[in-house]
Amino acid sequence: MEMEFSSRVQQKVPLSKIATNDGHGEISQYFDGWKAYDSDPYHPTRNPNGVIQMGLAENQLCFDLIQEWVLEHPEASICTAEGANNFMEIAIYQDYHGLQEFRNAVARFMEKVRGDRVRFDPNRIVMSGGATGACETLAFCLADRGDAFLVPTPYYPAYDRDLCWRTGVQLFPIICDSSNDFKVTRKSMEEAYQKAQESNIRVKGFLLNNPSNPLGTVLDREVLKEIVTFINDKNIHLISDEIYSATVFDQPDFVSISEIIEEDGVRCNRDLIHIVYSLSKDLGFPGFRVGIVYSYNDSVMSCARKMSSFGLISTQTQHFVKSILSDEKFIEKFISKSSERLAKRHSFFTGGLSQVGIGTLKSNAGLYFWMDLRKLLREPTVEAETELWRIIINEVKLNVSPGSSFHCSEPGWFRVCVANMDDECAKVALRRIHKFVLLYSKGITEPTTPKNHCRSRKLQLSLSFRRLDERMMIMSPHSPMASPLVRAT
Ligand SMILES: Cc1ncc(COP(=O)(O)O)c(C=O)c1O
């Protein structure tokens, strides 16, 4: 009897298609980079030659301000002497719509971030587990298996997981390129729509990310109006993911889709408009999983609310978030300090890179920048980009993300995250990039056969890296370098 059972349990019982497909995207290079970092993480004293994480869009620049606020407001937590009175009320079942005060505070915060130019109705706020959950909820509400959302490239890699994996919805690229700084145009939208139709794919929506990850750019009013006109002409939905709205650190200002649809002369069926938001980037709280669906469509709102049972934000978190967001004076100070510090970090890196002839896309938002290494590629292919990326991660020990993982149409672009480290670590990272550019550009000019090209360059890099290390340590990251690339540009 026992024998029979054990032979039975050893037979493989197949799992579901969702469990066994690779829709999660963990095989992509974007996640490979994280693994490389996890196995050898940089630490200033314990592992100074480890990998520096520049593949994570995390906003750590203002935690000193948050910590100060937390210490001054112990009542905001239910696990302190000052806040314990609220413990029971917060711990028991609460309305699945979310605490009213929480929704009021989030709506108010969204208005503030948009310069008080629009109003948000707290009753339209639906909770989700981060923007990740919000995107999936909207995909479930708006489209059926096999339907598609158009999305301009390059785009955030995890959209493939968030919108497609469990829903069976597809993303269909609108190809954008550097000729106009990756701006989406009516022509490129029409081409993508046409192509999808020719492939018998039903387009149900348009997925927009403004400010953009990975570009760090904001869309201007004209482009936003063009998109609104396009989706109305085609009668398809628009999801506007505005998760980076408070990371804008320079002109031009961020313009939300919510402002465009309220403008005089803009023809728009509001039932087609849905906003995704989260506190993961603007406040730097990705661990809290505070995500929001804000839909102008009553049916979508009602369905999303039913679905939100699968991704509610804990009431403890709602309670804390409500308290901190309601302190408007603090929030104003936080937003202004955060953008000041982001601007400083951004210019530290982009300015430092330009000194060694490395260009970056002009940007004014986000926790990263878009680095142009096209001239370091041995040829303009994804293979060459991957080769270069492997050198950067294995030899230079920086986990940056290659453009191909963002579905970029042009090989040679890399996203570099800069807000998840302190000033000292930033200096080390920039020093490493400087060294790399100097050595790599030198390596490229030395004759090698195509076959051993990459291997010899790698070897040369590892040896030279160590030798150059001490010299570089005493140079300021802003020292002008006699790079062959500087001379070439
Ligand atoms: C554009 C974009 N949307 C959504 C997300 C997911 O955010 P969350 O952590 O709130 O789920 C991210 C995270 O990096 C993102 O960059």
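The protein has 18 helices and 13 strands. Helices (H or I, at least four residues) and strands (E, at least two) are DSSP runs, numbered from the N terminus. The model is predicted: local features need pLDDT of at least 70, side-chain atom pairs count only at pLDDT 80 or more, and totals for chains, interfaces and linings use all residues. Residues are numbered from 1 along each chain as its sequence is written.

Of the 489 residues, 43% count as buried. A residue is buried if 20 or more other C-beta atoms lie within 10 Å of its own, exposed if 12 or fewer, and partly exposed in between, with C-beta atoms placed from the backbone. Nonpolar side chains tend to be buried together in soluble globular proteins.

The largest nonpolar core has 126 residues. Such a core is a set of buried Ala, Val, Leu, Ile, Met, Phe, Trp, Tyr and Cys residues joined through C-beta atoms within 7 Å. Helix 16 (residues 423–445) gives this core its largest share, nine residues. Domain 1 (18–62 + 332–488) and domain 2 (94–326) both contribute, so the core lies between them. These domain bounds come from an automatic or database domain assignment.

Leu 150, Val 276 and Val 416 have the most contacts inside the core. Two residues are in contact if their C-beta atoms, placed from the backbone, lie within 7 Å. Beyond its neighbours within four places in sequence, Leu 150 is in contact with residues including Phe 172, Ile 174 and Met 189.

The ligand is surrounded by 13 residues. A residue is near a molecule if its C-beta atom, placed from the backbone, lies within 6 Å of it. Among the closest are Gly 130, Thr 132 and Ser 278. Helix 7 (residues 130–142) gives the most to this shell, with three residues.

Two peptide bonds are described next. A cis bond joins Asn 213 and Pro 214, with omega about 25 degrees. Pro 214 lies in the loop between strand 5 (203–209) and helix 10 (221–234). The bond from Gln 251 to Pro 252 is also cis, with omega near -5 degrees.

Most residues other than glycine have a negative phi. Phe 182, however, has a positive phi near 65 degrees. Phe 182 is buried, with 22 other C-beta atoms within 10 Å. Asn 200 also has a positive phi, about 60 degrees. Asn 200 is exposed, with 7 other C-beta atoms within 10 Å.
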